[in-house]
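Biologist: Please take a close look at one helix and the packing of the rings and side chains in this model. Which parts touch which?

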Amino acid sequence: MKLNHHSKSCQIIINKKITNFQNLETQRTADTTPDLQNNDEKSKINYFTNKISSDCKLARELHEASLQSHWYIEQPKEIVDKRIVKLKKQQKNHKVVVLDLDETLIYHKNDQSIIRPFCKQFLDRLSKICTLVLFTAAKIEHATNMLKLIDPNKQYFKAVCTIDNMIGKVKDLRIFQTDLKDIVIIDNSPYNFIAQINNGLPILPFEGQNDDNQLEELLSYLEDLLLVDDVRIELAKKFKLQQFYKELNGRQAINKLYS
């Protein structure tokens with residue numbers, strides 16, 4: 001689901017309402033912290049950085065989402081409060097991982113559904129080390145039908161959110177009443193997490209490919225990520241999404257930041 005980005009930007013400029021990142025200090029820290037990752041750590045994020053093409057649609061979307069995140073006006077607390085989702089964490093110190101549905105875990109088209117390779121193992125492992133939430137931009141009926149395929153025994157997800165939980169066209173993580181340092185959102189559409197871009201973990205879209213291994217490789221990275229104190233600092237250093245807007249376009253951003 002996409003936003004009318006240009007009209008939104010124009011509206012913000014006209015109203016002169018410019019809101020910086022809520023976690024601006026986190027952004028600055030990430031920008032200035034030396035990258036001390038070793039080769040093993042680098043290989044764990046190669047599931048994305050080495051596989052995304054600078055000419056692909058997602059590269060353009062990352063650039064536009066980065067731009068929009070800098071202009072994004074945070075919605076008032078009273079609007080967020082109407083969409084609050086109370087999470088019952090398995091353990092008090094558990095991180096929260098918010099997972100998109102379509103083209104992240106499953107591909108659904110023409111009444112056919114294909115589960116992404118390694119999905120069951122991915123969910124099974126994560127459900128033991130974090131609190132899982134499903135957040136789709138679709139309606140509850142679609143989510144219910146897809147959950148019958150990926151979580152038939154209702155054992156993985158502690159909450160299921162739909163379009164009714166979105167604020168405008170954004171998946172605002174504040175609805176979970178969790179410290180933002182402890183929450184990650186994985187989504188193939190970066191527009192969905194422009195409200196907290198440094199909490200976003202991008203993934204290549206799944207469109208039914210048999211040889212897809214994004215979830216398998218992503219799991220290895222997540223197992224390490226969930227151990228850090230503040231996921232935003234780690235994600236900002238590794239994926240640099242808050243820096244994409246500084247480049248002319250998505251192609252240049254990918255070539256410069258992921259080279």
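Modeller: Start with helix α11, whose buried residues pack against α5 (57-71). Contact here means heavy atoms within 4.5 Å. Helices are DSSP runs of H or I, at least four residues long, and strands are runs of E, at least two long, numbered from the N terminus. This is a predicted model: local features need pLDDT of at least 70, side-chain atom pairs count only at pLDDT 80 or more, and totals for chains, interfaces and linings use all residues. Residues are numbered from 1 along each chain as its sequence is written, and side-chain values use heavy atoms, with hydrogens and water left out.

Which residues of α11 are buried? In α11 (residues 250-257), they are G250, A253, I254 and L257. Buried means under 20% relative accessible area, exposed over 50%, and partly exposed in between (1.4 Å probe, protein chains only). Seen down the axis of α11, these residues fall within an arc of 95°, so they line one face of the helix. That arc is taken from the directions from the helix axis to the C-beta atoms.

The N-terminal end of α11 has a cap, N249. A side-chain oxygen of N249 lies 3.2 Å from the backbone nitrogen of R251.

Now the rings. Rings of Phe, Tyr and Trp (its six-membered ring) pair if their centres lie within 6.5 Å; planes under 30 degrees apart count as stacked, over 60 as edge-to-face and the rest as tilted. The count is 7 aromatic pairs. Take Y47 and F239: their centres are 6.3 Å apart and their planes stand at 65°, so this pair is edge-to-face. Y47 sits in helix α4 (residues 46-49) and F239 in helix α10 (residues 231-239), 192 residues apart, and the pair links these distant parts of the chain. Y47 and F239 are both buried. F48 also pairs with F239: with centres 6.1 Å apart and planes at 65°, the pair is edge-to-face. This pair too joins α4 to α10, across 191 residues. F48 has a relative accessible area of 0%, and F239 has 0%. Ring pairs link Y47, F48, Y221, F239, F244 and Y258 into a cluster.

Last, the core. A nonpolar core is a set of buried Ala, Val, Leu, Ile, Met, Phe, Trp, Tyr and Cys residues joined through side-chain atoms within 4.5 Å. The largest has 64 residues, and L105, F122, L123, F157, F176, I186 and L201 have the most contacts inside it. Helix α9 (residues 214-225) gives the largest share, 6 residues.

Key
Polar contact = N/O pair within 3.5 Å; in protein donor to acceptor, adjacent residues only side chain to side chain.
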